[in-house]
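Dear colleague,

Please find below the sequence and structure that I am handing over to you. My findings follow directly after.

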Amino acid sequence: MNKKTIILIVLLLLSLFIRGYSLGNDSFWIDESYKVLAAKNIDSYGIPMFDSGVKYMRAFPQSYALYLIGSNFGFNEIAMRILSVVIGAILIYVMFLLGKNLINENVGLFTAFLGTFSYFLIAWSRQARMYIFVLLFFYLTLLFYFKFYDESKLKELLISLICIFIGGLFHPVVFCLVVLLPLHYLLFNLWDFQSKAEFLFKKIKVHKGLFLLIIGILSILIFYALNALNSFNSVNYYFDYWKFIFSTYIFILPFIIAGIFYYKKSFSKNILFLAIIIVVFVVFSFYIDLQNFRYLIVLLPLILLLTGQGIYYLFELIKDKYLKIFYLLIILFLLFNSSFVFIPQKSYALEHGTPQPPFREAYSFVSEEYSNMTLIVAEPAVSELYFKKGDFWIAVGYDNKGIYSYGFNTKSGKETYTNITAIVNVSMMPSSGIIVIDDFGLDRTTGPLKEFVLDQDLVKSFGDRFWNTVYIYEILD
């Protein structure tokens, strides 16, 4: 076993350790509760679905996997997040292979190192959500596409298309590759297109069935990609997203630029990376009507791949070994100031606007002290996972567009995820009971209803900072 293999194994083991460290420390946050509850309900309905009858088919392969894990080990935080930890470590290996494909093993190791300690890759590898799965299949697609690009093997193209299809089950952003990869292939093989076509034609004659299967899958992918575009709405988050990326990675920006332009061998592939970054950034900035910085995580491995190339390029230019060591120390210093984590943490703040209050502790208190009282909640899925199904839901505008936009069934007057009765005005409040509500819920509750809650007796609060605190109120007689 050579030295580079040992380094890679160490990085992969560190990836698992850092991502799995104190995995159960944080309570499920709101979006996690939807995923876990839908997975748990497979036992009752056979599919990921809520008691309201609403199906939750987004990233359904993950839901079934979580159901299998939960059925054997319980639907607790560690069991529901451990699969994401493993997928996050596998992603690091895929990033290594991409770096190796682009330049050599050294670039692969630099890239794997950056991925291992990237704050956001760590944080989102610790959640019972689909984001890290999206990244895995997005970059597996690129990995097998590059194998096809270099060797013209139809098998690699087929695997790449299958990865797009599976990735699309987790999030439609993967479908952008259906357009970008063919354009890239045609662009950089234009002058040699005839010989490539003749070579591929010979391959097709030998593998007719495989070729027809590829055409069939490609047709389905294009259909779904066009269908996904129809649901986009025009918005403008360009400056917010650009500010986030620039402020987060300003110290490694020179290496990104060097990575794009200073390697002739990987220039054509880096242009594809740049095109993906631009297209995905534009789609999320102007066509997705919810502003979530976590959407941009799909671009992070690309940024790190380019950074790894840039770091290695400058490393090669330095001939003195002591200067090389000094250079690497400077790199470490810059990484410490650019959203990289080298000491495992018990908790990771995900992003601005993502509440992560200690729901587990709050509901443990309620179950011990007020188990027989009427339960009124702002986050019903969380309540059902940690205690029991609430009796009433304080109607919260989950997406900050009012209660009628998302989460509320206007026909039944009930909440989407648990099918409990919604309280949309003060007159619907019961005369007694316990209210469990967090900062997110208070912020997005209508005026008079919010005033009513705040006028009740505050029994206890859990959490030590705004947006991450949950409150227990008892309704006054």
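**Helix H16**

Helix H16 is largely enclosed by the rest of the structure, because 14 of its 18 residues are buried. The helix runs over residues 300-317 and reaches 26 Å from its first C-alpha to its last, close to the 26 Å expected at 1.5 Å a residue. Please keep in mind throughout that the model is predicted.

**The chain as a whole**

The secondary structure comes to 21 helices and eight strands. Of the 477 residues in the chain, 53% are buried. Among the contacts with a separation of 6 or more, 72% are between residues 24 or more positions apart.

**Cavities**

The structure holds three cavities of 30 Å³ or more. About 150 Å³ of space lies in the largest cavity. Its lining has 15 residues, and the closest to the centre are Phe120, Phe244, Phe293, Leu296 and Ile297. H13 gives the most, with four residues. By class, twelve residues in the lining of the largest cavity are nonpolar, one is polar and two are charged.

About 100 Å³ of space lies in the second largest cavity. This cavity is lined by 14 residues, of which Asp26, Arg81, Arg126, Gln127 and Gln356 are the closest to its centre. The lining of the second largest cavity has three nonpolar, six polar and five charged residues.

**Helix H4**

Helix H4 covers residues 60-73, 14 residues in total, and spans 20 Å from its first C-alpha to its last, close to the 20 Å expected at 1.5 Å a residue. Its buried residues are Gln62, Ser63, Leu66, Tyr67, Ile69 and Gly70. An α-helix has 3.6 residues a turn, so residues three or four places apart point the same way. The buried residues of H4 are covered by elements including helix H2 (30-40), helix H3 (42-45), helix H5 (77-102), helix H8 (131-151) and helix H9 (154-170). Just after H4, glycine 74 takes a positive phi of about 90°.

**Cysteines**

How many disulfides does the count come to? With two cysteine sulfur atoms required to lie within 2.5 Å of each other, the count comes to zero disulfides. Two cysteines may be of interest to you. Cysteine 163 counts as buried because its relative accessibility is 6%, under the 20% cut-off. Cysteine 176, at 15% relative accessibility, also counts as buried.

**Aspartate 457**

Aspartate 457 is in strand S7, which covers residues 457-462. Is this residue buried or partly exposed? Aspartate 457 has a relative accessibility of 37% and therefore counts as partly exposed, since that class lies between 20% and 50%. Leaving aside neighbours within four places in sequence, aspartate 457 is in contact with Ile472, Tyr473, Glu474 and Leu476.

Yours sincerely

Terms used
Residues are numbered from 1 along each chain as its sequence is written. This is a predicted model: local features need pLDDT of at least 70, side-chain atom pairs count only at pLDDT 80 or more; totals for chains, interfaces and linings use all residues. Side-chain values use heavy atoms; hydrogens and water are left out. Helices (H or I, at least four residues) and strands (E, at least two) are DSSP runs, numbered from the N terminus. The expected span of a helix is 1.5 Å times one less than its number of residues. Buried means under 20% relative accessible area, exposed over 50%, partly exposed in between (1.4 Å probe, protein chains only). On a 1 Å grid over the protein atoms alone, a cavity is a set of points where a 1.4 Å probe fits but cannot get out, and a pocket is an open set with protein on both sides within 12 Å along at least five of seven lines; lining residues have an atom within 4 Å of a point. Grid points are joined across faces, edges and corners, and a volume is the space filled by probe spheres set on the points. Ala, Val, Leu, Ile, Met, Phe, Trp, Tyr, Cys and Pro count as nonpolar, Asp, Glu, Lys and Arg as charged, and the others, Gly among them, as polar. Contact means heavy atoms within 4.5 Å.
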